[in-house]
Amino acid sequence: MLMTVTFGRVNFGATREQPVRRLKATGSDPARSNKILGSRGNMEEMIPIFARQALIIIGFLAAATGDAAAPGAPGALVKNTAVACLASGDGYLRAKLAGAVDANIDWPNSGTRCEGEFREKPPGVRLSFQRASGAKPNLLLVFGLTGVKEGLSAREVKTNLTVIVQGTSRIFGTLGDSRCTVDSLTQRPLAAEHTYRIEARGFCTQPAHAVRGKGDVLVSTFEFAGPVAYDAQKD
């Protein structure tokens with residue numbers, strides 16, 4: 001089951017702002033000297049726990065001294081050649097990004113972390129992708145697909161998109177599902193109960209805006225295949 005992480009006043013996946021927790025700087029403890037970063041609005045997508053590295057670095061940006069990248073330090077990237085998106089070997093992410101982030105993503109199954117789950121508000125699914133070995137730029141992409149139901153194919157699916165440049169404070173979000181669309185989606189059952197391989201192809205007509213600061217990222221096209229677990233779905 002995926003978890004949410006609170007970033008400043010924004011809880012990725014929450015429907016309203018969270019109360020600010022006042023922190024008092026003490027000594028050299030970076031957690032105590034964390035500055036709460038603002039946002040341009042509520043993000044509707046929850047960031048999976050495997051994105052911990054990016055959020056720790058961003059949350060502790062004010063106290064960062066380079067230690068976060070040291071082996072064994074919190075948030076340090078651990079290389080694992082055994083990481084794979086799908087056990088069946090056919091997971092992937094391909095996307096074209098332009099603007100504040102310029103990239104042609106072509107991530108194969110091997111070395112790609114992907115995870116997905118059912119979400120309740122708005123009803124649908126959420127999938128996340130990142131490279132285990134840290135591609136350049138080191139990105140985490142989160143897709144929230146509205147109205148997708150267990151085991152069913154779909155077309156013209158409204159999509160919320162979040163792009164995180166890991167190791168920096170740069171986060172871009174559509175802040176809603178009206179700017180991107182999945183025009184084709186299919187599902188195939190996997191071995192685990194209520195778990196499916198979702199394959200989707202889509203595009204964005206408007207860019208994702210910087211959550212803090214300036215800049216936009218347009219993901220003109222994207223396609224992916226990854227797992228979604230519906231076991232958290234409530235009747």
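This report describes the salt bridges and disulfides of a predicted model.

**Salt bridges**

A search of the whole structure finds six salt bridges, and several of them involve D90, a residue in the loop between α1 (52-59) and β3 (92-99). The side chain of D90 meets that of R188 in a salt bridge, with an N to O distance of 3.2 Å; this pair links distant parts of the chain, since R188 belongs to strand β10 (residues 180-189) and the two residues are 98 residues apart. D90 also forms a salt bridge with R197, where the closest N and O atoms are again 3.2 Å apart. D90, R188 and R197 are, together with E199, linked in a network of salt bridges.

Another salt bridge joins the side chains of E223 and R94, at 3.6 Å from N to O. Here strand β13 (residues 216-229), which holds E223, is connected with strand β3, which holds R94, across 129 residues of separation. E223 is partly exposed at a relative accessible area of 28%, and R94 is partly exposed at 31%.

**Disulfides**

The count of disulfides comes to two, and with bonded cysteines counted along the chain they follow the pattern 1-2, 3-4. The table gives the sulfur to sulfur distance and the torsion about the S-S bond for each.

| Disulfide | S to S distance | Torsion about S-S |
|---|---|---|
| C85 and C114 | 1.8 Å | 110 degrees |
| C180 and C204 | 2.0 Å | about 100 degrees |

The link of C85 and C114 is right-handed. C85 lies in the loop between α1 and β3, while C114 is in strand β5 (residues 112-119), and the pair links these distant parts of the chain, 29 residues apart. Both C85 and C114 are buried.

The disulfide of C180 and C204 is right-handed too, because its torsion is about 100 degrees. C180 lies in strand β10 and C204 in strand β11, so this pair ties together parts that are 24 residues apart in sequence. C180 counts as buried at 0% relative accessibility, and C204 counts as buried at 8%.

Terms used
Residues numbered from 1 in each chain as written. Predicted model: local features only at pLDDT ≥ 70, side-chain atom pairs only at ≥ 80, totals over all residues. Heavy atoms only, no water. Salt bridge = Lys/Arg side-chain N within 4 Å of Asp/Glu carboxyl O. Helix = DSSP H or I, 4+ residues; strand = E, 2+ residues; numbered from the N terminus. Buried < 20%, exposed > 50% of the residue type's maximum accessible area, 1.4 Å probe, protein only. Disulfide = S-S within 2.5 Å.
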